[in-house]
Amino acid sequence: MEEQISVIIPVYNVAEFLPQCLDSVVLQDYRNLQILLVDDGSTDGSGEICDRYAAADARIQVIHQPNQGAGAAKNAGLRVAEGTYLSFVDSDDFLEPGAYREMVKTMEETQADMVQFSFRDVYRNRTEDQHLLPGPEEMDAKTYLLRFPKDWTCSLLWNKLYKRKLYDGVFFEEGRKIDDEFFTYQALLKPCKVVRRETIVYNYRKRASSVMSRPESANQRLLDCLDAIVSRREKVLAVYPELKYAFDENYLDTLWYLSGNFGSTRETIALLKWHLKAYLRTKGNRLPPRYLWPMLARLYVVPASALARACQAKGQSLGTDEYY
């Protein structure tokens, strides 16, 4: 008998792409799905599309709520999820045919608690396969956590299948521009087995509206990123203090990176300076790795106003012609 997968799909103003997303889920050959569509106050007809699909498929449950953001929408799905397994799909993306059967097969054959797969970036005029970075195919929680500072795909939510029990009592941070970075790693704070496979199971749509934004929105994403790194470092080291050097290095690397990122303001950089000085003053912290010295020295010495002007002068170099 097939174990049930709870599929959580937060929905907000994606009427153009939502049917392709929902078709890719309901037409999976793995049939035992609890499909949770959380309409987060859409105003473009997305909510009506959700209701239409629910009327045609008894596996679909629609939750309509006032707009509260992606984190709150995912939490609404988590509160009613009942499946043995848990999956997340963004409502402008779509699954590969047979994705869930492949994911569950891997989960069951390896006795894994979490499985990670490759995915594909989808642009307007082309696609680009994103394969796993080199590393072991199977590992325990601590070993996989050690990949987070160097492998950005570890934090991704939607290229994985999870045993739902890993996230008992864990919810998304609400009111954030980013939320996966606060959530995904928390499954690894308890003993579990992670398995990685190269099969592409997910298509991630690259939309201009999701990568281009007003400077104040970009600044908020940077602040959220900083908060996520700080929170992750604290929670990981509370469970695995032996990982301190790796997560300290990641923390310091993030400070200098954000200090030169488009969207950083004088206030943001002043906060980054405070974090750096607090780290250097804290007894027991190691000196930063030598390769970070020039960048951290710049952050430490150069006035926040000058660093902020340099960030704004960069502008945004992202081209939009190929994006949706």
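Good morning, colleagues. Please keep in mind that this is a predicted model.

How many cavities of 30 Å³ or more does the count give? The count comes to one. The largest cavity holds about 30 Å³ of space. Its lining is made up of Tyr245, Asp248, Glu249, Leu252, Tyr279, Arg286, Leu287, Pro288 and Pro289. Sorted by class, this lining has six nonpolar residues and three charged ones, with no polar residues. Which element gives the most to the lining? That is helix 9, spanning residues 244-259, with four residues.

I turn next to the backbone. As a point of background, most residues other than glycine have a negative phi. Two residues of this model deserve attention on that account.

Asparagine 13 has a phi near 50 degrees, which is a positive value in a residue other than glycine. To find asparagine 13, please look at the loop between strand 1, residues 5-11, and helix 1, residues 18-26. Asparagine 13 counts as partly exposed because its relative accessibility is 25%, and the partly exposed class lies between under 20% for buried and over 50% for exposed.

Glutamine 111 likewise has a positive phi, near 60 degrees, and is a residue other than glycine. Glutamine 111 sits in the loop that runs between helix 4, residues 99-110, and strand 6, residues 114-122. Is glutamine 111 buried or exposed? Its relative accessibility is 57%, so glutamine 111 counts as exposed.

Where is asparagine 32 found? Asparagine 32 belongs to the loop between helix 1 and strand 2, the latter covering residues 33-40. With a relative accessibility of 23%, asparagine 32 is therefore classed as partly exposed.

What does asparagine 32 touch, leaving aside its neighbours within four places in sequence? Asparagine 32 is in contact with Glu2, Glu3, Gln4 and Ile5. Glutamate 137, by contrast, is 105 residues from asparagine 32 in sequence, and the C-alpha to C-alpha separation of the two in space is 27 Å.

To review, I have described a cavity of about 30 Å³, a positive phi at asparagine 13, a positive phi at glutamine 111, and the contacts of asparagine 32 with Glu2, Glu3, Gln4 and Ile5. Thank you for your attention.

Conventions: Residues are numbered from 1 along each chain as its sequence is written. This is a predicted model: local features need pLDDT of at least 70, side-chain atom pairs count only at pLDDT 80 or more; totals for chains, interfaces and linings use all residues. Side-chain values use heavy atoms; hydrogens and water are left out. On a 1 Å grid over the protein atoms alone, a cavity is a set of points where a 1.4 Å probe fits but cannot get out, and a pocket is an open set with protein on both sides within 12 Å along at least five of seven lines; lining residues have an atom within 4 Å of a point. Grid points are joined across faces, edges and corners, and a volume is the space filled by probe spheres set on the points. Helices (H or I, at least four residues) and strands (E, at least two) are DSSP runs, numbered from the N terminus. Ala, Val, Leu, Ile, Met, Phe, Trp, Tyr, Cys and Pro count as nonpolar, Asp, Glu, Lys and Arg as charged, and the others, Gly among them, as polar. Buried means under 20% relative accessible area, exposed over 50%, partly exposed in between (1.4 Å probe, protein chains only). Contact means heavy atoms within 4.5 Å.
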